Amino acid sequence: MTVKDLYERLNLAFPPSLSLDWDRDGLMVCPDPGRRVRRVLVTLDVTPAAADAAIQAGADLILSHHPLLFHPLATLSYEDPGARTALKLAVAGISVACFHTRADAAHDGVSDLLAAALGLSNVETLGEERLLRVGTVRHPMSGEALARHVKEALGVPAVTLADAGQPVRWVAVSGGEGKDLIDLARANGADAYVSGRFGYHVMQDAAAAGLTLVEAGHYYTEVGILDRMKQLVLEATDAEVIVRAEPPIRVLS
């Protein structure tokens, strides 16, 4: 299967129509769309270290969640970090396909996988952008008990809790940066909302308004998508898949 063929197959699972207007993703580096895919490296971010790992492994394609090139390039030179990585991979003949907000919103994407990891039931999709999921926990619990559950379920070194002091039954979740969906979670009756990052003052304000927030880290709320990408590749082709699950930013505790 070629790079182009595999990318088109993955578009069925992560339709481009689900990408938000401001997003930048897709086939971002493609020196040869007809190159046969024998080895794929799957990673959350196309960091310089991930690029080096792909080159050393002899990969034909990198699949990532976060875009390699998010902001428009002012120059295609080695002076720009993103351009430098893209050029390095292109010279090595390695393509890069990124699936960002469409993978957040898709069925069995980031948000669904996060809800499943936390054991939520009766899960519903909220909002036109389809980024937020909400479901019930097995039994009512305190905000602190929810935070400890999140920490254990996601394997997070540390979580941050803003406790509204009310029993938690109905929990909203989204991966990554979750603050823009707080109002949607509240409007739909969520008692708590779990995401990667909210911010100090945002968390205080939400708790004061009656919504418990648990901040579990951008990486840890999204890393589940890597196994999903691996599964999709293995279903489509006989290529070897290497999953690089290493947080580029570490939490020390």
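1. Leu10 is a residue of helix 1, which spans residues 3–13. The model is a predicted one. With a relative accessible area of 3%, Leu10 is buried, because buried means under 20%.

2. What does Leu10 touch, not counting residues up to four places away in sequence? Its contacts are Leu63, Phe99 and Leu232. Ala145 is another matter: it stands 135 residues from Leu10 along the chain, and the C-alpha atoms of the two are separated by 38 Å.

3. Which residues touch the most other members of the largest nonpolar core? They are Phe14, Val40, Leu63, Phe99, Leu146 and Val171, in a core of 45 residues. Helix 10, residues 225–236, gives the most to this core, namely six residues. Another core, of 20 residues, lies apart from it; among its members are Ala105, Ile182, Met203 and Leu211.

4. Next, the packing of two helices. Two packed helices are described by the angle between their axes and by the distance between those axes. Helix 2 (residues 48–57) and helix 3 (residues 81–91) pack at an angle of about 5°, and their axes are 10 Å apart. Helix 2 is therefore roughly parallel to helix 3, since angles under 35 degrees count as roughly parallel.

5. Which residues make the contact between helix 2 and helix 3? From helix 2 come Pro48, Ala51, Asp52 and Ile55; from helix 3 come Thr85, Lys88 and Leu89. Sorted by class, the contact of helix 2 with helix 3 has four nonpolar residues, one polar and two charged.

6. How many disulfides does the structure hold? The number is zero. Cys30 is in no disulfide, and the nearest cysteine sulfur to that of Cys30 belongs to Cys98, 12 Å away.

7. Cys98 counts as buried, with 0% relative accessibility.

Methods. Residues are numbered from 1 along each chain as its sequence is written. This is a predicted model: local features need pLDDT of at least 70, side-chain atom pairs count only at pLDDT 80 or more; totals for chains, interfaces and linings use all residues. Side-chain values use heavy atoms; hydrogens and water are left out. Axes are lines fitted to C-alpha atoms, for helices over the stretch in contact, and angles run from 0 to 180 degrees between N-to-C directions. Helices (H or I, at least four residues) and strands (E, at least two) are DSSP runs, numbered from the N terminus. Angles under 35 degrees count as roughly parallel, over 145 as roughly antiparallel, 65 to 115 as roughly perpendicular and the rest as oblique. Contact means heavy atoms within 4.5 Å. Ala, Val, Leu, Ile, Met, Phe, Trp, Tyr, Cys and Pro count as nonpolar, Asp, Glu, Lys and Arg as charged, and the others, Gly among them, as polar. Buried means under 20% relative accessible area, exposed over 50%, partly exposed in between (1.4 Å probe, protein chains only). A nonpolar core is a set of buried Ala, Val, Leu, Ile, Met, Phe, Trp, Tyr and Cys residues joined through side-chain atoms within 4.5 Å. A disulfide is a pair of cysteine sulfur atoms within 2.5 Å.
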